[in-house]
Amino acid sequence: MKAPSTHPIKPATSIPALLKTAFVNALIALVLFSLMIGIRTEAGSSGQLTYWTRFGDLASIVAAVFGGSIVIELLRQWIGPTGAEKLVPPAVQSGISFIGRYLAPALLIFTLLVPVMFYNQRYILDLAILVLTYVMLGWGLNVVVGLAGLLDLGYVAFYAVGAYSYGLLATNFGWSFWICLPLAGILAAFWGVLLGFPVLRLRGDYLAIVTLAFGEIIRLVIINWQDLTGGPNGVSGIPRPSFFGIPLDNSDDGLAARLGIEYSPTHRIVFLFYLILALALLTNWATIRLRRLPIGRAWEALREDEVACRALGINTTTTKLTAFATGAMFGGFAGAFFATRQGFISPESFTFQESALVLAIVVLGGMGSQLGVALAALAMIGGFELFRSLESYRMLVFGMAMVLIMIWRPRGLIGHRAPTVYLTKAQAISSDLVKEGHG
Amino acid sequence: MDYFAQQLINGLVLGSIYGLIAIGYTMVYGIVGMINFAHGDVFMIGGFIALITFLLLISTGLTAIPVILLIVLLVSMAITALYGWTIERIAYRPLRHSFRLAPMLSAIGMSFVLTNYSQVAQGARVKPIPPVITGGYTLHESADGFVIQLSNIQIIVVITTIVLLAIFTWLVSRTRLGRDMRACEQDQTMAALLGVDVDRTISMTFVIGAALAAVAGLMYLLYYGLVDFFMGFVAGIKAFTAAVLGGIGSLPGAMLGGLAIGLIETFWSAYFSVEYKDVAAFSILIVVLIFMPTGLLGRPEVEKV
């Protein structure tokens, strides 16, 4: 539902008015795109800039804007100013709630069966692992953004800390994945506390920028501290995970040999799949449990109204800090998994785009909704995969989608989680009376 | 000492560019209370439009550099201002009464759109231009042969910044529009009740901010001789840092913060390490916010329930 705009609701516009609006929009588009689309510049071989014109493209874009604004204006009149939500009949609504109730278990069973169904399709298994990694990251960030309402634009920093913790500990000291995994989480949480302790007193927007700056600092340090991190070349030769000490390879004491089955490289992929699934479910389980504890209630209260929280005696700084550290810890776990899956990490995997992607997953899924985040990760990563051929337009569409979703449904496309506890009936408390003038 | 003086000049020039961008952040934050995350990309668009206009004018055979630069300045200011207006209209106005994270997220989306739009439209490669304004003055030559140079382009950047700031200060403090802007900053509802067109005032804020960013884009193009589609991101964060350092919402503060960030970055590169200059700038953002959340010239924020 669109927020009530400041414009008065216009009566049904006539055809000339419609055309006039479209014409004005097309004119604006013409000016906007005239130089950027109409002229294409490129540096020639001798470093001299050359240009050529693309008036055809410009004309088609302006025409598209003209047509598009007519269509949008007509749609707006057709749907009407009352909004789309009332148009859904009750039968459909009950159907949706029925699906909603059984979707999560069905999805879980389906996910468990993915390696069985697609055993021979390596591509689908790889994609599924990727999607699950983002589901886990989304659920981790959901604690920070969705539950506690803190806008974290540098989540990828903790992902990087986790990945580099595992990568460096494993390559330098030969520690196994199962020792490094908790360490990666602890280190990421430690960094979360270190950053969070001073900055969490800040207001939402400031916090967003500081976390963004922090993410960039971590990335720049990784690039420049070449002795430790290998700089832009990254860390390679990161050991693959073992099945609790039993390697998943073709050797004599490998898992396949011990079980007496024929070795196949797919075993490792299937193992990785279940590993990330377990990690993701752990995140989900921890989040659901935490939400029922006093600390979880405090997070949700903080999201809804910080001033009220403070008035009720909740220590907002430590409450925020726990949310931040918890989210960071899950990010660290995901990072360690990422490192062991890839076998190679470099700073390029930890750019701001990655943070924005995870944030978009949380926002799209409806902040705070666990199922919504999972579905959003599926849609987002799957969508990216579908449009792989349109590489350069991918981020453009991604940005547009983010803007449109915010305008259309700022509380998330799929679900929105209301606070777990709230007063169902408004109580006549003193502040109400004050407002009425009785106090 | 001479080295110091040279770095001081370089830092002030860089700081002027940051300051021009920072004004856009600070104005929008003052009125709408949101971080216009896409503002750095508006600066980048301004640089691109200046580049293309420049190229077109050169190819028409025009040779008088001052005339060319004046036309480039006006065209890029006008078109970039329209970008600012359109962005506000599409991405921010519908969200004005939405929940508090929505405009920020929409702005991030807009930033992605602008970055990738110029990448798709103009290609990913860096676009260089030959030096347009050459020459300069030698201020001082020391015994060991180190020269303090003040190039013409540096003079132009600083003078343009000062002139724009003067115009802008006049606009905010003396005109009807400036009064409306200050009124909206204090209380939008009250301003609307007293006959201020709030929507128009907010639009104008974005237009002015974008026009100043376009000037910064042109200055960047002339000073460094290149533009690329990704330059808005880092410049944007640094300019925002400048706005915060100066005290967000305060216009002289934005300029002061810009100069401070420019100087810090230049001196850091000169005396410590070039690789960590961005780390230095971002660390300062964090440190300032921790110890001085209101910045150098900002007012403490009053929390309303």
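Predicted model: local features only at pLDDT ≥ 70, side-chain atom pairs only at ≥ 80, totals over all residues.
## A look around chains A and B

With 24 C-beta neighbours inside 10 Å, Leu35(A) counts as buried, because the cut-off for that class is 20 or more. Once its neighbours within four places in sequence are left aside, Leu35(A) is in contact with Ile49(B), Ile52(B), Thr53(B) and Ile79(B).

Not counting residues up to four places away in sequence, Thr21(A) touches Ser69(A) and Glu73(A).

Stepping back to chain A as a whole, you will find 17 helices and 4 strands. Of its 439 residues, 38% count as buried. If you take the contacts in chain A between residues at least 6 apart in sequence, 77% of them join residues at least 24 apart.

### Where the two chains meet

The contact between the chains takes 51 residues from chain A and 59 residues from chain B. On the chain B side, the elements giving two or more residues are helix 2 (39–59), helix 3 (65–92), helix 4 (102–122), strand 1 (127–128), helix 9 (231–246) and helix 11 (277–291). Which of the elements supplies the largest share? That is helix 4 of chain B, with 16 residues. By class, the residues on the side of chain B that touches chain A divide into 39 nonpolar, 12 polar and 8 charged.

### Helix packing inside chain B

| Helix pair in chain B | Packing angle | Axes apart |
|---|---|---|
| Helix 3 and helix 8 (residues 198–224) | about 140° | 7 Å |
| Helix 1 (residues 2–32) and helix 10 (residues 251–271) | about 140° | 6 Å |
| Helix 10 and helix 11 | about 140° | 9 Å |

Let's begin with helix 3 and helix 8 of chain B, which pack at about 140°. That angle makes helix 3 of chain B oblique to helix 8 of chain B, and helix 3 passes helix 8 in a right-handed crossing. Residues of helix 3 in this contact include Val72(B), Leu73(B), Ser76(B), Trp85(B) and Glu88(B), while those of helix 8 include Ile202(B), Phe206(B), Gly209(B), Ala213(B) and Leu218(B). The contact of helix 3 with helix 8 divides into 16 nonpolar, 6 polar and 1 charged residues.

Helix 1 and helix 10 of chain B also pack at about 140°, and they are therefore oblique to each other. Their crossing is right-handed. Sorted by class, this contact has 14 nonpolar, 12 polar and 1 charged residues.

Helix 10 of chain B has helix 11 as another packing partner, with the axes 9 Å apart. The angle makes helix 10 of chain B oblique to helix 11 of chain B, and the crossing is right-handed. From helix 10 come Ile261(B), Ile264(B), Glu265(B), Trp268(B) and Ser269(B), and from helix 11 come Lys277(B), Ala280(B), Ala281(B) and Ile284(B). These residues divide into 6 nonpolar, 1 polar and 2 charged. Helix 11 of chain B is also one of the elements giving two or more residues to the side that touches chain A.

### A hairpin in chain B

Finally, have a look at strand 2 (residues 136–141) of chain B. It is hardly covered, with a count of 0 buried residues among its 6 residues. How does strand 2 of chain B run relative to strand 3 (residues 147–151) of chain B, and how many bridges join the two? They run antiparallel, and 5 bridges join them. Tyr137(B) has Leu150(B) as its bridge partner in strand 3, and His140(B) stands opposite Ile148(B) in that strand. The hairpin has 5 residues between the strands, and in it Gly145(B) takes a positive phi near 90°.

Terms used: Residues numbered from 1 in each chain as written. Chains lettered and ligands numbered in written order. Contact = placed C-beta atoms within 7 Å. Nonpolar A, V, L, I, M, F, W, Y, C, P; charged D, E, K, R; others polar. Axes fitted to C-alpha atoms, helices over the stretch in contact; angles between N-to-C directions. Parallel < 35°, antiparallel > 145°, perpendicular 65-115°, else oblique. Left-handed = near helix turned anticlockwise from the far one by under 90°. Buried ≥ 20, exposed ≤ 12 C-beta atoms within 10 Å, placed from the backbone. Pairing = 2+ DSSP bridges.
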